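User: I would like to go through this model with you. Could we take the pocket, then the overall fold?

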Amino acid sequence: MGFNKKTESQNTLDLSVNDEKPEKDLEKEQEEEYDPYKQEQTGKTTSYFEALLILIKASLGTGILGMPRAFYNAGYLLGTIGTIVAGVLTTQTAHMIVQRI
């Protein structure tokens with residue numbers, strides 16, 4: 001049938017894509033082991049304190065925006081208890097993640 005036949009532009013595209021890297025270069029790249037320290041960018045990096053502030057900002061930002069609606073739906077008592085439980089679980093999870101690193 002006519003479905004397997006490629007047009008001239010598809011053949012040109014195949015040639016240009018295949019010509020970018022010869023097979024020898026592909027085999028060489030596959031043989032090399034990945035070293036993450038070679039890929040690390042030099043220059044200014046984020047300190048632990050700055051990373052902590054970014055995480056706190058992200059958590060508090062979304063929490064503060066959703067808090068009024070959550071209290072509206074749950075009520076004052078259940079909303080307060082739920083907020084405390086969610087805070088404890090979030091803190092415990094953060095401690096577990098930090099201990100693994």
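User: How much space lies in the largest pocket?

Analyst: About 690 Å³ of space lies in the largest pocket of this predicted model. A pocket here is an open set of points on a 1 Å grid over the protein atoms alone, where a 1.4 Å probe fits, with protein on both sides within 12 Å along at least five of seven lines. The volume is the space filled by probe spheres set on the points, which are joined across faces, edges and corners.

User: Which residues lie nearest its centre?

Analyst: Leu55, Ile56, Ser59, Thr90 and Ala94 do, out of 21 lining residues; a lining residue has an atom within 4 Å of a point.

User: Now the fold. How many helices and strands does the chain have?

Analyst: The chain has 5 helices and 0 strands.

User: Where is confidence lowest, and where highest?

Analyst: Helix α1 (residues 8-20) is lowest at a mean pLDDT of 55, and helix α5 (residues 76-100) is highest at 89. pLDDT is the predictor's confidence in each residue, from 0 to 100. The chain mean is 76, with 68% of residues at 70 or more. As this is a predicted model, local features need pLDDT of at least 70 and side-chain atom pairs 80 or more, while totals for chains, interfaces and linings use all residues. Residues are numbered from 1 along each chain as its sequence is written, and side-chain values use heavy atoms, without hydrogens and water.

User: Which residues does UniProt annotate as "transmembrane region"?

Analyst: The unreviewed entry gives residues 48-68 and 74-98; such annotations may be inferred rather than shown by experiment. Residues 48-68 are 100% helix, with end C-alpha atoms 31 Å apart. Residues 74-98 are 96% helix, with end C-alpha atoms 32 Å apart.

User: Last one: why does phenylalanine 71 count as partly exposed?

Analyst: Its relative accessible area is 24%, and partly exposed lies between buried (under 20%) and exposed (over 50%), with a 1.4 Å probe and protein chains only. Phenylalanine 71 lies in helix α4.

Terms used: Helix = DSSP H or I, 4+ residues; strand = E, 2+ residues; numbered from the N terminus.
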